Amino acid sequence: MTYATCLACRECGREFPLEPLHVCDFCFGPLEVAYDHDGIQSKITRERIECGPRSIWRYIDLLPVDVDFIVDLNVGWTPLLKADRLAERLGMRELWIKNDTCNPSWSFKDRVVAVASSRARQLGFQTLACASTGNLANSVSAHAARAGMEAIVFIPHDLEAGKVLGSAVYNPTIVSVNGSYDDVNRLCSELADNRHWAFVNINVRPYYAEGSRTLAYEVAEQLGWRAPRQVVAPMASGSLFTKIHKGFQEFQRYGLIEESPVRMIGAQAEGCSPITTAWRNETTNIRPVKPDTIAKSLAIGNPADGYYALKTMKRTDGGSTAVTDPEVVEGIQMLAECEGVFAETAGGVTIAGLRQAIETGQVDPDETTVAFITGGGLKTADAVVEHVTQPIPVEGTLQSFEDAFAEEVGAPQAVGVGG
Ligand SMILES: *Cc1c(COP(=O)(O)O)cnc(C)c1O
Ligand SMILES: [Zn+2]
């Protein structure tokens with residue numbers, strides 16, 4: 001059984017049944033899953049969680065899913081790495097990397113899709129669908145395959161080859177829309193009204209959004225049951241960002257961790273930074289933009305949860321950053337070279353955003369900090385392929401190697417054994 005009780009409007013509080021609904025009939029506010037907090041409180045303990053599976057399902061008491069309907073790809077419980085070398089490079093004292101490149105379809109989207117697909121199955125849907133900037137389509141396709149459901153995914157026509165292949169291999173129907181993500185989303189919103197498809201980020205969005213809270217739960221548990229003082233997370237629609245904060249708050253509410261403020265810092269690419277622009281202009285009025293950046297997974301020009309992301313920043317004394325495409329590439333390289341983690345462009349945005357947040361005083365380099373790395377690098381290979389080390393060509397002989405090696409790195413000739 002689940003402790004989810006209903007959907008509640010984030011604006012007027014009106015309640016709706018746990019159905020495929022996402023907007024309030026009365027005020028058009030977004031709906032959010034509500035829970036029986038007393039029921040959860042009476043059951044949940046650190047020990048109970050620690051006995052659970054090494055996946056997001058260890059937090060099933062906090063998710064709107066009944067155990068019988070779980071679509072299980074073993075999502076989550078990804079590594080939290082202490083990043084000492086990167087910390088030193090950035091002049092920080094304690095930095096951690098939450099490495100969500102380790103998920104089954106190599107991005108954090110597996111968390112939201114695991115929850116949405118399970119709920120969709122419980123609601124009787126046979127088809128999973130989505131409007132995607134790439135990673136979501138990958139995860140929807142994978143989860144549909146795992147569940148034996150149909151998948152139809154909608155993507156903008158100019159996606160990276162790695163992101164298209166990352167869906168195609170699971171054999172979904174892929175619709176490539178001649179337009180931006182925001183055009184894709186508009187088309188899908190119309191389709192969601194007259195097709196019996198579970199669009200994970202539209203008509204079942206309230207369930208989808210809940211999956212992101214598991215990132216905060218895992219970080220708190222992996223830090224030894226405490227929250228970090230500050231986090232940096234990438235923002236597209238702003239949903240992930242707001243839900244990470246909600247996750248820490250819930251753990252405090254249930255007494256699983258001590259009450260302590262978590263400062264929330266968002267990261268966007270300058271070529272698509274409507275949330276950061278609003279933050280800098282000190283307004284909650286977000287002006288939609290036309291995206292132009294290599295960080296395509298974050299290229300949402302009209303962010304659905306941008307307003308709530310801004311409120312979260314304000315409430316937590318947080319901040320917001322925007323970095324250029326060359327900085328994104330530098331961020332990817334810094335993370336790879338210092339820590340051995342190969343992130344996609346969104347990860348480059350996060351690391352470059354972290355650096356900017358330190359420079360501008362939004363992040364205190366002496367406080368415990370977590371940076372969320374939300375997707376794997378092989379899907380956005382084009383962004384870095386021109387900027388990385390090239391192989392040294394040699395013949396298969398010692399002499400050829402020694403000559404080429406000496407020329408390449410200026411190293412002295414190797415000394416032979418016994419010589
Ligand atoms: C979708 C996505 C995000 C952020 O998504 P939100 O819409 O803000 O929840 C971050 N990183 C990656 C790699 C993504 O694919
Ligand atoms: Zn309402």
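The centres of domain 1 and domain 2, taken over C-alpha atoms, lie 25 Å apart. The structure is a predicted model, in which local features need pLDDT of at least 70 and side-chain atom pairs count only at pLDDT 80 or more, while totals for chains, interfaces and linings use all residues. Residues are numbered from 1 along each chain as its sequence is written, and side-chain values use heavy atoms, with hydrogens and water left out.

Domain 1 comprises 80–105 + 209–383 and domain 2 comprises 124–203, with bounds that come from an automatic or database domain assignment. Between them, 12 residues of domain 1 are in contact with 12 residues of domain 2 (contact: heavy atoms within 4.5 Å). About 1100 Å² is buried between the two domains, 48% of it given by carbon and sulfur atoms; this is the accessible area (1.4 Å probe) that two parts lose on being put together, summed over both. On the side of domain 1, Ser105, Lys296 and Lys379 lose the most area to domain 2, together 51% of what that side buries. Two salt bridges are found across this interface, a salt bridge being a side-chain nitrogen of Lys or Arg within 4 Å of a carboxyl oxygen of Asp or Glu. Lysine 296 also forms a salt bridge with aspartate 158, with 3.9 Å between the closest N and O atoms.

Turning to the sheet, six strands form an open arrangement in the order β4-β5-β13-β10-β11-β12, with mixed pairing. Here helices (H or I, at least four residues) and strands (E, at least two) are DSSP runs, numbered from the N terminus, and two strands pair if DSSP finds at least two bridges between them. The edges are β4 (80–82) and β12 (319–323), each pairing on one side only. Within the sheet, β5 (residues 95–99) and β13 (residues 369–373) run parallel over five bridges, and isoleucine 97 stands opposite alanine 371 in β13. Helix α13 (residues 325–339) lies across β4, β5, β12 and β13, at about 100 degrees to β12; axes are lines fitted to C-alpha atoms, for helices over the stretch in contact, and angles run from 0 to 180 degrees between N-to-C directions.

Most residues other than glycine have a negative phi. Phenylalanine 28, in the loop between β2 (15–16) and β3 (31–35), has a positive phi of about 65 degrees, and tryptophan 225, between α9 (213–222) and β10, has one of about 60 degrees. Phenylalanine 28 is exposed at 67% relative accessible area, whereas tryptophan 225 is buried at 11% (buried: under 20%; exposed: over 50%; partly exposed in between; 1.4 Å probe, protein chains only).

Key. Chains are lettered from A and ligands numbered from 1 in the order in which they are written.
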